[in-house]
Structure formats: structure tokens, C-alpha cells
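Please look through the sequence and the model below before reading on. The report takes up selected features in turn.

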Amino acid sequence: WRVLAIYMILAANLSEQQALKQACPSCDASQLCNCSSVGLDFIPLGLTAKITVLNLAHNRIKHIRSQDLQQAVNLRALLLQSNKISSIDEDSFQSLAKLELLDLSNNSLAHVSPVWFGQLFSLQHLHLQGNSYRDLGESSPFSSLRNLSSLHLGNPRFSVIRQGNFEGIELLQKLWIDGSNLSQYEQGSLKSIKKIDHMIINLRNSNIFSEIVRDLLHSVAWLEVTEIKLPVEKKSLVQNSTRPFRIQKLTFKEAFFTDQTISRAIVLLKEITSLKELEAINCVLEGKGKWNTKEIASSGQSFVETVTIIKIIIQNFHLFFDLEGMESQINNLKRLTIASSNVFMVPCKLARHFSSLLYLDFHDNLLANKRLDETICEGSWPSLQTLNLSQNSLKFLEQTAKCTSRLPKLKNLDISQNNFGEIPDVCEWPKTLKYLNLSSTQIPEVTTCIPPMLEVLDVSANNLKEFGLQLPFLKELYLTKNQLKALPGATPIPNLVALSVRRNKLNSFSKEEFEGAQVGAVHLSLMECHRSLVVSLICVLVFLVILLLVAVGYKYHVVWYARMTWAWLRAKRKPKRAPPKDVCYDAFVSYSENDSEWVENTMVRELEQACPPFRLCLHKRDFVPGKWIVDNIIDSIEKSRKTLFVLSEHFVQSEWCKYELDFSHFRLFDENNDAVILVLLEPIQSKAIPKRFCKLRKIMNTKTYLEWPAGEEQQQVFWENLKGALKS
């Protein structure tokens, strides 16, 4: 009995492993088991302890049973997203003590049970978003997840967050809540989490925003809010809260602001003394910049040092006010980015108050030379070190350089992707300039307009044919995507340590171009280093491929089959039967040359000397000399009422008969008619017929055929039957 029991267990395990291999072939002998998008309705049987990653995403699984994952005790990652899971047995994950990632997102879970996660002591990443639960229950589903570092939850139906829902979680690197329809938030619900590095919340209910911010002042470092319509908040955001606060960065994405909400938000955010960075991406501002500058000024100094605004939409942006009265709020600002937002100028009066600004990024805007003179006026941006004006509407390099010369501390300047087109011989630049980016500016050459004190110069993607400037301090030079035919000389740039010359027209390097200088690292592709060799290798490879194709074509008679297929296609366009007046044979006879003695001396004599006589078409006698063999076969079949195959071992082994049978196979069997007569000269198995003639083998298995007998009495019956078949 023990032996029988062991045998039954082994047999069951083997059958489960075979079932797993059938359901998910990639699971065979692998720690990574990818069963995604294979149409599974359930978790496959046969999962073993060797599997560490199991991907069951994008299937049709509806239920997770207790025994489904019982043996997969070493799982580290379990991916079940995008199924139809609506129920999970309470102890389904009980054996997964080593699990670190669990993804149940985009399913149909109507509730979240704390029992599911009770034994997942190693879990670090949990994804529950995109289900149909409305809340997280009365208590915390996550109380046993002490090692959790990222949590993603919520859905369009998620509407309530209660106190205690996050008990047990102390530290999170990332918390992501889809609360687009969140309507109720109990104050203090998020306070139980002591530290959150980055929190993202999709929030449309503006009344909840301030309550959440108050709960997060001491825990979140970076708060990101999406889709909110910012409210006009009256109460303080830090009421009854003690310093120090932890929140340092606040991001709004796809948010909606008005002049009134902006004014009030600036005042309230000043109270959060730890806040250093504000960011607005893809937001909409409905207003003209008519902010309550008196209230803003009287509320004190802002602690924000970095402001980033990307793709803000302001209807009638050209009517936007010049923000007069905001000067006192920008003194401490150190980094400012306003990109892809239709900025066309900054008033000089305002620009002069950016006294601490070190970094200014205005890329992808509408700045033109006429307005640049106002934007960078005398005394503006006094501390600025880095300026990005790329992708604007600047057209005059000399004027642009003159404007930037008013910036006494400027070190880095990016004016790439402006259409300058021309470059003067002399330009006035800031004396402190070290980095200049002139890539993609349509300049045809480089002149002494380029400042000599540069350490980094980028003139990539222009139409330069040579580079001969003397830049004694230059350390990095970028000349990619130009028309250079020779390297720049080494003498004018003696301190160069990095040179990029990719995608030019360089054919060779000379020793004089380097003049003995040691090259630390050269990054050139094989094509750039050995162009002639690479071209030669490509030609040789192409020749070898052609040669190989010719050899394969010769060996497998590709030309023959191509010609025969063409003939068949032409034949298919013809009528399937020739007109009765053109039918001049009772049968076309297909046979092997080795069987010609029986065919020509026995069968032909018997049939053509019968009364009445039969007219047979034989290739030896009736084919037209000089005509292509396939055309002869086509014409003979069309002019014959029947086609008679004399089958033997010689027939199926003969190359000639194979070709003839090929065309007969196409022409006759595709027409699905009964014009075929099979005569077996000797016993032959249907398997001996080439596999590609499956219809012929099928006919031999389903249709009566005539077999040549050994006895004379039976031969007489054979002839009578054959004559009857020819007459039918």
C-alpha cells in the first residue's frame, strides 16, 4: 500500500507538472515563470518551490483558491494584474512568506481583506489600484506588512478613507492613491504613517485637499497632486501643527487655477516653512495675473527656492499682467523653469528683483530678439549663472550675445535650436562664460564671434565644413552631425580632453592633426574607423548570400517549381474543361519509364485494339517536340477525358514522375472532379507517396483503384473494369 501511495503521489505530481508545462511552456525548468496573456481561466497546477517569479497578468482568472499557490513557497514576485479576479480565499497567500511584490491591480475586487496579507511578512510592494472596492474597511488591511515600502491603491469608485486604514505602516518610499472620486476623508487617517518619501494622489474634491496636507506636514517629503481644482482656502494649512515640517516639494499636475486661488495658495504655502520647491505641470490658469499682491506682500517672505512650470495653459496669455507688486516674493528664488508655456518676455522691473536666482530655464517658448532686450535689461538677473533659451524664436546671434553680456556672472548658456542662420565675425559675450551651446542653429561656419575663454562648446547639427578656431581654454568640443572632412587642428585647442565628431564625412586621420598629443579615449564606431573594410565585408556577405540562395535554389529545384507554379496559375485562368470539340483522347497516361514495357506493350495494345478502340495520350508518342514539358502536360490533360496513373514503386521514386504528379495534383485534385483512374501495377503503400501529395494519398485511402492481378483469368476481369472506368 505504501508503494502504491508513493506511486500515486508521484504520478499526480508528474501530471500536474505536465499540465503546467502545457498551460505555460516558459515555466519548464525555470525560476521565472511567464504565463501572461495566454488566456488562463485559473492559476495552473504544478507550481513548485523552485519558482521565484510568477507572471499571470492579462488573463481571465476570476478566483484564487487556497491550494493554488500552496507549493510556491519561494515566490518573490507574483503578478496578477489585469485579470477578472473577484474573490480570493482567505489563506491563498498563507505560504508566501518570502513574497516581496504582489500586484492585484486592475481586477474586480469589491473589498480588501486584511486576512489576505496576514502572512506576507516580506512584502515590500503592493498594488491594489484599479479594482472596484469603495473603501478599505473599518480597520487597516496592512497592519502586518511591516516591510512595505510602496503602496498603490484606489480606483474611480474609491470614496472613503477612514482613521485606522493605514495603521501598521510606518515608512513608505511611495504611496499612490487614486482618489479621483474621494468624497470623505477622516482627519488623521494618514497621520499614522510616520515617513513617506513621495506621495501621489489623484484628487478632484478640493475640500479634502487642505485636510490631507495638514495630515502630511510632518511625514511627506514630496507631495504630488493631480487633477485638482485648487480651492480658495480660508483656514491655515498649518493650524495646530508644530514645526519642524518635513514637506519639501509640492507638485501639481493637470490642475486648474484661477487668479483668486493662486493668490490665496501663495499666502498659505508660505506658512509651510520647510517647503523649498513648487512644480506645476500641464496645468490650466484661468485669469490674467491679477493677483492680490497686497495680501501676498503682507504675508511675509517665501521660503521656496525652486519653481518649475511646464506646459501651463493661459488663455489669452498675451493679456497677462506683468505681476507688478510680486517683486518682494522672488528675492530668495534660486532656480526658475518656465518651459513650453508661451513666455514672450519678462518685464525689466520684475527681472531686476531676481537677485538670488542662479538658474533660469526658458526653453521652448516665444522669446524673440525684440523682447529679449527687455527681458535681459541692465541690472536684471544679477546672480544668474546658467541660462537656457533653447527652442525659442531668436534670429540674431549678435543681438542675443549682447543681451547676455549684461549678465555679469553667467557661466553656462544654451541657445540651441534657434534659427540664427548667420554668424557675425565679432560678438560681445559675458566675460565669465565657460559653456556655450549653439547646436542646431543653422550657422554655416564658426567665426571669431565664438568667445575665446570657453571651456565647453557644442556646435553639433549645423552645416559646418571645417573648424579652425583658436580656443586655448577649450576642454570639450562637440561637432556631431556636421559636414567635416578633416579633424580640427590640435594646436589651436591645446587643452582639449573630449572631442565628439560622430556623423561627419571624415575619411581618414593624419598624424599632423594630432601633432603627437596623447589621446586618452576615442569613441568611434566600427563604420567610422574602418569604413572601407566594413563596406568590403558587406559586399562579400551580400555575394555569399546570393551564392547561397543560388545553391539552395539549384538543389531544391526552385526555378523549376517557380516555372511550374506560374504555369499552374495560367492554367487556373483557363476553363476547367476544354470544349468537347478539343477533347481528342480518352485518357492521358502517367507512368514511370521503368514501367514502359507493360504500359506500351500490354496496356496500350489491349485498349487501343479493343472494339471500339480507346485513344490514349502517351508522353513518348504524343507530346509536341520542343514544347515545354509542363505546357505539354497541361494540354494533354485538358484534351483528355480521364487521367490514368500507373502507380508502382518505380513511379513514386522517379524524379520525373514527381514533377508530373506535382502538376496533375494541382490541376486535377484542386478541381475536385472524378477524372482520375488509379492502376496499381504492383502492391504499394500509400505512405510511399511523397508527403506533399496528401490529396493523392487520401484518394488511395478512400477511392477504389484497379490492381493488376497475377492470374490470367483475373486479368480479363481487370481489363473489363478498366474499360468500364474509361467509358464512365
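What follows describes a predicted model, under headings for its disulfides, other cysteines, sheets, single residues and an annotated segment.

## Disulfides

The count of disulfides comes to three. In one of them, C24 and C35 are joined with their sulfur atoms 2.2 Å apart, and the link is left-handed, with -105 degrees about the S-S bond. This pair connects distant parts of the chain, eleven residues apart, since C24 sits in the loop between α1 (2-23) and β1 (32-34), while C35 sits in the loop between β1 and β2 (53-55). C24 is buried, with a relative accessible area of 1%, and C35 is buried as well, at 0%.

A disulfide also joins C348 to C377, with an S to S distance of 1.9 Å; here the value about the S-S bond is 90 degrees and the link is right-handed. C348 belongs to helix α5 (residues 348-351), whereas C377 lies in the loop between α6 (369-375) and β22 (386-388), 29 residues apart, and both C348 and C377 are buried. The pair C427 and C449 has its sulfur atoms 1.9 Å apart, and because the torsion about the S-S bond is about -95 degrees, this disulfide is left-handed. C427 is found in the loop between β23 (412-414) and β24 (435-437), and C449 in the loop between β24 and β25 (456-458), 22 residues apart; both C427 and C449 are buried.

## Other cysteines

## The three-stranded sheet

Three strands make an open sheet in the order β15-β17-β19, with parallel pairing; its edge strands, each pairing on one side only, are β15 (256-258) and β19 (313-314). Strand β17 (residues 284-286) pairs with β19 in the parallel sense over two bridges, and L285 stands opposite I314 in β19. Helix α3 (residues 259-269) lies across β15 and β17, and runs at about 90 degrees to β15.

## The five-stranded sheet

Another open sheet, of five strands with parallel pairing, has the order β29-β28-β30-β31-β32, and its edges are β29 (616-617) and β32 (706-707), each of which pairs on one side only. Strand β28 (residues 585-590) runs parallel to β29 and is joined to β29 by two bridges, with L616 in β29 as the bridge partner of A587.

Helix α14 (residues 629-638) packs on this sheet by touching β28, β29 and β30 (640-647), and its direction makes about 120 degrees with that of β30. Helix α18 (residues 712-727) also packs on the sheet, where it touches β28, β30, β31 (676-680) and β32, and its direction makes about 145 degrees with that of β30.

## Single residues and an annotated segment

S150 is placed in strand β8 (residues 150-154) and counts as buried at 14% relative accessibility, because the limit for buried is under 20%. Leaving aside residues up to four places away in sequence, S150 touches Q124, H125, L126, L172 and K174. G325, in the loop between β19 and β20 (335-339), is partly exposed, with a relative accessible area of 25%; the C-alpha atoms of G325 and K294 are separated by 7.4 Å, although these residues are 31 residues apart along the chain.

In an unreviewed entry, UniProt lists residues 533-554 as "transmembrane region". In the model, the chain over residues 533-554 is 100% helix and 0% strand, and the end C-alpha atoms are 31 Å apart.

Notes
Residues numbered from 1 in each chain as written. Predicted model: local features only at pLDDT ≥ 70, side-chain atom pairs only at ≥ 80, totals over all residues. Heavy atoms only, no water. Pairing = 2+ DSSP bridges. Helix = DSSP H or I, 4+ residues; strand = E, 2+ residues; numbered from the N terminus. Contact = heavy atoms within 4.5 Å. Axes fitted to C-alpha atoms, helices over the stretch in contact; angles between N-to-C directions. Buried < 20%, exposed > 50% of the residue type's maximum accessible area, 1.4 Å probe, protein only. UniProt positions renumbered as here; feature names shortened; annotations may be inferred. Disulfide = S-S within 2.5 Å.
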